[in-house]
Amino acid sequence: MKKPMIFSQFFKNNGAVMGSALIGLVAFWLIFLIILPQLSMLDYSFRYNLPPAEVGGPKDVYTLSNYEHLIYGSDSSHQTYNTVDLKVFMRTILAAMLVTIFNIFLCYPLAYFLGQSKGSGFVRLLVVLLIIPYWINEILRAFALRIIFGDSGLLNEALMFLHLTSAPIDFIRQDIALYAGLGYAYILLMLFPMYNVIESLDRNQIEAARDMGASWLHIHRRIVIPYAKPGIVSGATMVFMLSAGALAAPQILGGPSSLWFTQLVYQWFNDSLNWQQGAAYAIVLLVSTIVIVLTVMRVFKVNMGDIGK
Amino acid sequence: MSSGVAVDLENITIRFGDFTAVKDANVNINGGDFFSFLGPSGCGKTTILRAVSGFLDPSEGRVLIGGKDMAGIGPNKRPTALIFQNLALFPLMKVWENIAFSMEVAGASAGERRKRADELLDMIALGGQGDKLPSELSGGQKQRVAIARALCANPDVLLLDEPLSALDLKLRQHMRTELREIQKRVGITFIYITHDQGEALTMSDNVAVMKAGVIEQIDTGHHIYDDPSTPFVASFVGENNVFRGKVKSINGANAVISTNRSGDLLSRITPAQVGKMQVGDDAMMFIRPEALELAPTDAASETTITANVMNEEFEGNSFSVFLEGDGGKMIKMSVPNLGQDHISARGENLSLRYDASNAVAMPAGELASE
Ligand SMILES: Nc1ncnc2c1ncn2[C@@H]1O[C@H](COP(=O)(O)OP(=O)(O)OP(=O)(O)O)[C@@H](O)[C@H]1O
Ligand SMILES: [Mg+2]
């Protein structure tokens with residue numbers, strides 16, 4: 001009942017020509033840039049990696065072998081598991097979760113401060129200062145972090161100068177640089193949705209709660225956080241999805257022994273030229289992250305609609 | 001019923017940077033009183049209330065609640081409850097959770113909270129609506145929930161910042177009576193802020209009239225209306241006709257003002273100014289529209305005004321006749337509708353009379369701008 005009404009309203013507001021053009025563009029974007037490429041990836045993931053001559057031939061049939069490879073490796077008897085790849089997968093998901101949680105805790109106080117001291121020129125300056133580093137290319141930023149975290153980098157120099165450590169700490173091998181880089185890469189995507197909702201929270205509500213004797217902790221737990229929840233979840237969703245799917249930061253900042261799942265995907269596509277296998281890995285990652293996000297939204301009782309706000 | 005807790009403001013001055021929002025305010029509010037601050041927008045009413053509730057500290061002076069100095073005591077520790085101009089109900093909590101929020105803060109169990117919330121809901125005639133969200137209530141209902149939420153904390157002093165300003169006229173009038181009744185029932189001190197003089201006059205035991213951060217007069221509603229002590233109060237509270245002139249003679253509490261355009265007129269001196277006015281001083285004299293009436297031919301000239309009719313308006317229960325007045329302002333006379341077709345004709349020269357006891361004279365000063 002609701003949908004047709006929305007559509008007729010849409011056409012009334014935009015006119016028939018403009019309305020059709022807009023819908024056409026959105027449809028083009030959805031179909032050609034999102035749905036079709038993903039569908040072809042899905043199709044790839046169920047096929048064998050055949051030499052060009054055999055594509056379309058009798059051997060070109062659907063198979064689950066690409067998915068089985070992630071679980072069992074090249075062992076066709078299914079006796080041993082592909083522990084290497086599975087570990088990388090689990091580590092990627094867990095690390096992305098940690099990065100997300102870390103970002104939530106880091107951004108919440110900042111978003112609260114920025115959102116509640118609205119209007120002041122100082123705050124606007126702060127926001128601009130936060131944005132400027134993001135004008136710089138992601139890869140450059142990652143290399144910059146690598147310089148900071150390197151053996152003779154800024155951080156180690158500072159620590160040694162302060163005599164907090166005698167020998168340089170290997171931030172890269174310990175993956176500290178990787179987590180810092182991932183956290184930093186998408187932190188604004190966490191900050192801004194939070195900031196936007198908190199900014200719209202009526203200050204009087206906070207004062208009313210305070211007037212009734214509430215402690216700061218209670219005010220945040222009962223008033224601010226429930227109000228900011230859609231912003232927090234929408235930020236968390238983006239940070240989680242993007243960290244899990246990040247490539248530049250793990251490539252540049254990851255230790256030599258630790259792989260990110262996207263790096264495996266990349267290797268299948270690029271080094272092994274096995275697109276079918278790569279597509280299967282990519283699809284597993286995509287589906288898992290979507291399932292995790294939907295579960296979290298379910299647990300925290302947030303609707304898709306709230307996130308779009 | 002408690003006897004209520006007194007609130008005293010001693011020489012309160014509040015500055016924001018260079019700007020002085022409240023200047024040397026001295027107010028003594030008796031326990032259990034309904035006390036109103038009345039004044040135009042931006043005169044510092046909310047600022048005073050925030051100083052009483054503890055959200056800001058006065059730059060100078062002291063706030064005493066129940067005789068106790070409140071310096072350094074935060075809003076969450078004061079025995080006051082504030083009802084905000086926009087109510088500030090918590091949108092994500094149910095009505096009953098809103099009402100019992102102060103108990104939740106104090107750590108009461110859900111059962112206790114629900115019980116008390118239901119009692120208060122009955123008191124505000126919203127029994128059974130506790131499980132709704134605030135957004136599902138009407139304006140007047142939200143209003144009452146905000147009052148119940150404030151009362152739930154058992155405050156000694158309830159502070160209300162123009163809580164009725166968002167309601168329509170009918171509901172506002174209804175809520176006035178209701179607020180007054182609630183106040184009588186709970187017996188605690190109410191400090192009420194409004195720029196609506198009708199509200200201040202009907203509900204309050206005492207009213208403080210403010211102008212640009214300065215308290216001009218503190219009195220009962222009756223006295224504010226009948227014995228304004230400054231031209232600002234006379235012209236801000238209710239409608240008033242002003243006559244400018246100089247004091248011609250003084251006889252005890254009465255004076256003859258030689259007015260710029262209506263000759264010598266006899267008036268009472270407003271009580272606060274008796275003995276302080278001198279012959280020759282610039283003076284203002286005020287007569288309310290309802291104190292003017294058509295003069296019989298033999299009326300005494302010192303209480304008669306003659307002027308040309310500019311306009312007449314039918315108001316239902318009365319006619320308003322506007323006559324040419326002093327300094328571009330019109331003189332307004334209000335005549336009860338007793339079945340007449342009309343009172344006057346445009347351009348007609350009318351003689352109006354009044355009782356000298358219904359006119360008040362005071363030293364000239366600034367009028368409220370309308
Ligand atoms: N935090 C502040 N910083 C600077 N100036 C302020 C601040 N709060 C209030 N003022 C100024 O103090 C004056 C009084 O403000 P206040 O809010 O007390 O007015 P009000 O009488 O409540 O008006 P209204 O009826 O419109 O609510 C105003 O001129 C306002 O601009
Ligand atoms: Mg105000």
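Student: How far apart do the C-alpha centres of domain 1 and domain 2 of chain A lie?
Tutor: They lie 30 Å apart. Keep in mind that this is a predicted model.

Student: Where are the bounds of those two domains in chain A?
Tutor: Domain 1 of chain A covers 1–45, and domain 2 of chain A covers 52–307.

Student: How many residues of each are in contact?
Tutor: Six residues of domain 1 of chain A are in contact with eleven residues of domain 2 of chain A.

Student: Okay, helices. How do α13 and α14 of chain A cross?
Tutor: Helix α13 of chain A spans residues 261–271, and helix α14 of chain A spans residues 275–299. Their axes come within 7 Å and cross at roughly 160°.

Student: Parallel or antiparallel?
Tutor: Roughly antiparallel. An angle over 145 degrees counts as that, so α13(A) and α14(A) qualify. The crossing of α13(A) past α14(A) is left-handed.

Student: Which residues in α13(A) and α14(A) meet?
Tutor: From α13(A), A:Phe261, A:Thr262, A:Leu264, A:Val265, A:Trp268 and A:Phe269. From α14(A), A:Trp275, A:Gln277, A:Gly278, A:Ala279, A:Tyr281, A:Ala282 and A:Leu285. By class, this contact of α13(A) with α14(A) has ten nonpolar, three polar and no charged residues.

Student: What about α4 against α14 in chain A, what's the angle there?
Tutor: Helix α4 of chain A, residues 83–116, crosses α14(A) at roughly 35°. The axes come within 12 Å. Here α4(A) passes α14(A) in a right-handed crossing.

Student: Which side chains are on the list for α4(A) and α14(A)? I mean, which residues meet?
Tutor: On α4(A), A:Asp85, A:Phe89, A:Ile93 and A:Met97. On α14(A), A:Tyr281, A:Val284, A:Leu285, A:Ser288, A:Thr289 and A:Ile292. The class count for α4(A) with α14(A) is seven nonpolar, two polar and one charged.

Student: Next pair. At what angle do α5 and α9 of chain A pack?
Tutor: About 155°, with their axes 11 Å apart. Helix α5 of chain A is residues 121–131, and helix α9 of chain A is residues 187–199. That angle makes α5(A) and α9(A) roughly antiparallel to each other. The crossing of α5(A) past α9(A) is left-handed.

Student: What makes the contact?
Tutor: A:Val127, A:Leu130 and A:Ile131 of α5(A), with A:Leu188, A:Leu191 and A:Phe192 of α9(A). By class, the contact of α5(A) with α9(A) has six nonpolar, no polar and no charged residues.

Student: Switch to chain B. How is chain B divided?
Tutor: Into domain 1 (7–226) and domain 2 (240–363). Taken over C-alpha atoms, the centres of these chain B domains are separated by 39 Å.

Student: Which strands of chain B close into a barrel?
Tutor: Five strands, in the order β11-β12-β13-β20-β14 (chain B), with mixed pairing. From one strand to the next the twist averages 55°.

Student: How many bridges join β11 to β14 in chain B?
Tutor: Six bridges, and the strands run antiparallel. Strand β11 of chain B is residues 241–251, and strand β14 of chain B is residues 282–287. B:Asn241 has B:Ile287 in β14(B) as its bridge partner.

Student: And the open sheet of five strands, what's its order?
Tutor: β15-β19-β16-β17-β18 (chain B), with antiparallel pairing. Its edge strands are β15 (293–294) and β18 (330–336) of chain B, each pairing on one side only. Strands β16 (residues 304–314) and β17 (residues 318–324) of chain B pair over five bridges. The partner of B:Glu313 is B:Ser320 in β17(B).

Student: Last one. What joins β1 and β2 of chain B?
Tutor: Seven bridges, with strand β1 (residues 7–16) and strand β2 (residues 19–29) of chain B running antiparallel. B:Ile14 stands opposite B:Val22 in β2(B). The hairpin of β1(B) and β2(B) has two residues between the strands, and B:Gly17 takes a positive phi near 60° there.

Key
Residues are numbered from 1 along each chain as its sequence is written. Chains are lettered from A and ligands numbered from 1 in the order in which they are written. This is a predicted model: local features need pLDDT of at least 70, side-chain atom pairs count only at pLDDT 80 or more; totals for chains, interfaces and linings use all residues. Side-chain values use heavy atoms; hydrogens and water are left out. Axes are lines fitted to C-alpha atoms, for helices over the stretch in contact, and angles run from 0 to 180 degrees between N-to-C directions. Helices (H or I, at least four residues) and strands (E, at least two) are DSSP runs, numbered from the N terminus. Angles under 35 degrees count as roughly parallel, over 145 as roughly antiparallel, 65 to 115 as roughly perpendicular and the rest as oblique. A crossing is left-handed if the near helix is turned anticlockwise from the far one by less than a right angle, and right-handed if clockwise. Contact means heavy atoms within 4.5 Å. Ala, Val, Leu, Ile, Met, Phe, Trp, Tyr, Cys and Pro count as nonpolar, Asp, Glu, Lys and Arg as charged, and the others, Gly among them, as polar. Domain bounds come from an automatic or database domain assignment. Two strands pair if DSSP finds at least two bridges between them.
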